[in-house]
Amino acid sequence: MKDKKIIATENIKHWTITIYEGCDNVLFGYVTGDWYADSFIKYDKTDKNGVIAYDFPERLPKYLKNKVAV
């Protein structure tokens with residue numbers, strides 16, 4: 001993706017969530033912490049109940065996944 005635009009960055013405890021807006025209603029981003037990092041993607045940002053896909057979801061606490069969903 002050539003033109004990625006940061007739409008949100010938030011720090012929670014020792015984690016940072018960064019969300020980018022891609023083309024065609026796609027949202028993607030990164031969750032980074034002291035020891036772990038993971039990327040995620042939501043293929044349709046207009047779908048409020050849409051699934052968010054992670055590379056390694058077992059690395060992230062549930063509260064982070066809930067915050068990304070919001």
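The side chain of K42 comes within 2.8 Å of the backbone oxygen of D47, a polar contact in the sense of N or O atoms within 3.5 Å, one able to donate a hydrogen and the other to accept it. The model is predicted, and local features need pLDDT of at least 70, side-chain atom pairs pLDDT 80 or more, while totals for chains, interfaces and linings use all residues. Residues are numbered from 1 along each chain, and side-chain values use heavy atoms, without hydrogens or water.

K42 belongs to strand β4 (strands are DSSP runs of E, at least two residues; helices are runs of H or I, at least four). K42 is buried and has no salt bridge, D47 being the nearest side chain of opposite charge at 6.1 Å. Buried means under 20% relative accessible area, exposed over 50%, and partly exposed in between (1.4 Å probe, protein chains only). A salt bridge requires a side-chain nitrogen of Lys or Arg within 4 Å of a carboxyl oxygen of Asp or Glu.

The largest pocket holds about 320 Å³ of space. A pocket is an open set of points on a 1 Å grid where a 1.4 Å probe fits, with protein on both sides within 12 Å along at least five of seven lines; lining residues have an atom within 4 Å of a point. Its volume is the space filled by probe spheres set on the points. Of the 16 lining residues, I19, K67, V68, A69 and V70 lie nearest the centre of the largest pocket. β1 (5–12), β2 (15–21), β4 (37–42) and α1 (62–69) each supply at least two residues of this lining, and β1 gives the most, with four.

Technical notes
Lys and Arg count as positive and Asp and Glu as negative; His and the chain ends are not counted.
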